[in-house]
Amino acid sequence: MAAKDMLEHDAAGAFSSRMAPSQAGRAAENIAYGHESFTKTLDQWIHSSGHRKNLLMQGATRVGVASAKSSKTGRTYWAMVIAGSYEQPRRVYDQARRVAAKEAPKARKQSRAPQTCRLNILGLCL
């Protein structure tokens, strides 16, 4: 988008084509331009019903964020891809579940200072 100085989901090719290699069952993309910081961009997405729906996508397990500046206008372009519903082999899933069960008591013992989250995505406090 920054190279073309154009805010468009298909600036680098159709979204579905770009996502196909990931084999995600579900995916969404939020794009924006103008804000220099991720915090301000995220605020914009949080206050937009369509973008917020993407941020809260059920079953999302992966998130990627990128920004780039247009050499023509100096605008900062942002893209966030949210994806999930990946098929995992049962053996890998069972092993991950066992590891998580062993780690859970350790995690509970550690005390953390309370955090104020404006948005919690997959346990990431933003």
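Student: A pocket here is an open set of points on a 1 Å grid over the protein atoms alone, where a 1.4 Å probe fits, with protein on both sides within 12 Å along at least five of seven lines. What volume does the largest pocket have?

Tutor: About 150 Å³, taken as the space filled by probe spheres set on the points, which are joined across faces, edges and corners. This is a predicted model: local features need pLDDT of at least 70, side-chain atom pairs pLDDT 80 or more, while totals for chains, interfaces and linings use all residues. Numbering runs from 1 along each chain as its sequence is written, and side-chain values use heavy atoms, without hydrogens or water.

Student: Which residues lie nearest the centre of the largest pocket?

Tutor: Met1, Ala2, Tyr77, Trp78 and Ala79, out of 14 lining residues (an atom within 4 Å of a point). β2 (60-69) and β3 each give the lining at least two residues. Strands are DSSP E runs of at least two residues; helices are H or I runs of at least four.

Student: New topic. How many aromatic pairs does the whole structure hold?

Tutor: Three. Phe38 and Trp45 pair edge-to-face, 6.5 Å centre to centre, planes at 75 degrees. Ring centres must lie within 6.5 Å; planes under 30 degrees apart are stacked, over 60 edge-to-face, the rest tilted.

Student: And what does Phe38 do with Trp78?

Tutor: They form a tilted pair, at 5.8 Å and 50 degrees. Phe38 sits in helix α2 (residues 38-46) and Trp78 in strand β3 (residues 76-84), 40 residues apart. Phe38, Trp45 and Trp78 make one aromatic cluster.

Student: Is Trp45 buried or exposed?

Tutor: Buried, at 0% relative accessibility. Trp78 is buried too, at 8%. Phe38 is partly exposed at 24%. Buried is under 20%, exposed over 50%, partly exposed in between (1.4 Å probe, protein chains only).

Note on methods: Phe/Tyr/Trp six-rings, centres within 6.5 Å; stacked < 30°, edge-to-face > 60°.
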